[in-house]
Amino acid sequence: ARAAVFERMDDAIFVLDRAYRVIDANAAAVELLEPGERVEPGELSKSAIGRHPSELLSWWSAMQKPPAPDDPEPSIAMSGGQILEVQVTPFIDGRSGGSLLRVRDVTARRKAEFERRGLEGRLREQERLEGLTVLAAGLAHDFNNMLTAILGNADYLIATSPDDSERRASAE
């Protein structure tokens, strides 16, 4: 059952010995090493056995910080158009020990996060503009009320002042 689970995992898993050399890998890891080739489960290429992942994975050297067993956060790697999380987890198995190197494709998740942030930014901008619109409408309403009072008083002055008065000319 463990072998079946190991082989069917979506994450690429490399089993490394204490010297960080590959001693086993699941089908997803084999696909990373030999894209498109049909390899039977559990049949890692003999040329990959005993080699460090940096020798096998072309994107390894381009990482800002290669993964280490004590890193709580995964390292990020770019491979073509893919965004990969890379993490090393040490293990002790009876007399021996080693590490599991997990490589997870997070491209879709990262793109979704980027799009979500963009949508949130647009929503904040829309809310800000809506607030400005409400403020401008309130100012226009208040200004209109003042103008109505001014025009009403001007009309009253025009109606109650003689035709040749200075007050009527100012009101007009």
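This is a predicted model: local features need pLDDT of at least 70, side-chain atom pairs count only at pLDDT 80 or more; totals for chains, interfaces and linings use all residues.
Me: Let's start with aspartate 71. Where is the place of aspartate 71?
Reply: Aspartate 71 is in the loop between helix H3 (53-56) and strand E3 (75-79).

Me: Buried or exposed?
Reply: Aspartate 71 counts as buried, because its relative accessibility is 14% and the cut-off for buried is under 20%.

Me: What does the side chain of aspartate 71 make a polar contact with?
Reply: The side chain of lysine 65. The distance is 3.2 Å.

Me: And which residues does aspartate 71 touch, leaving out those up to four places away in sequence?
Reply: Lys65, Pro66 and Gln87.

Me: New topic. Where is glycine 81?
Reply: Glycine 81 is in the loop between E3 and strand E4 (82-93).

Me: Is glycine 81 buried or exposed?
Reply: Glycine 81 counts as exposed, because its relative accessibility is 60% and exposed means over 50%.

Me: How far apart in space are glycine 81 and threonine 107?
Reply: They are 8.0 Å apart, C-alpha to C-alpha. In sequence, 26 residues separate glycine 81 and threonine 107.

Me: Now glutamate 115. Which helix is the place of glutamate 115 in?
Reply: Glutamate 115 is in helix H4, residues 107-160.

Me: Buried or exposed, and why?
Reply: Glutamate 115 counts as exposed, because its relative accessibility is 53%.

Me: How far apart are glutamate 115 and aspartate 93?
Reply: In sequence, glutamate 115 and aspartate 93 are 22 residues apart. In space they are 43 Å apart, C-alpha to C-alpha.

Methods:
Residues are numbered from 1 along each chain as its sequence is written. Side-chain values use heavy atoms; hydrogens and water are left out. Helices (H or I, at least four residues) and strands (E, at least two) are DSSP runs, numbered from the N terminus. Buried means under 20% relative accessible area, exposed over 50%, partly exposed in between (1.4 Å probe, protein chains only). A polar contact is a pair of N or O atoms within 3.5 Å; within protein, one must be able to donate a hydrogen and the other to accept it, and residues adjacent in sequence count only if both atoms are side-chain atoms. Contact means heavy atoms within 4.5 Å.
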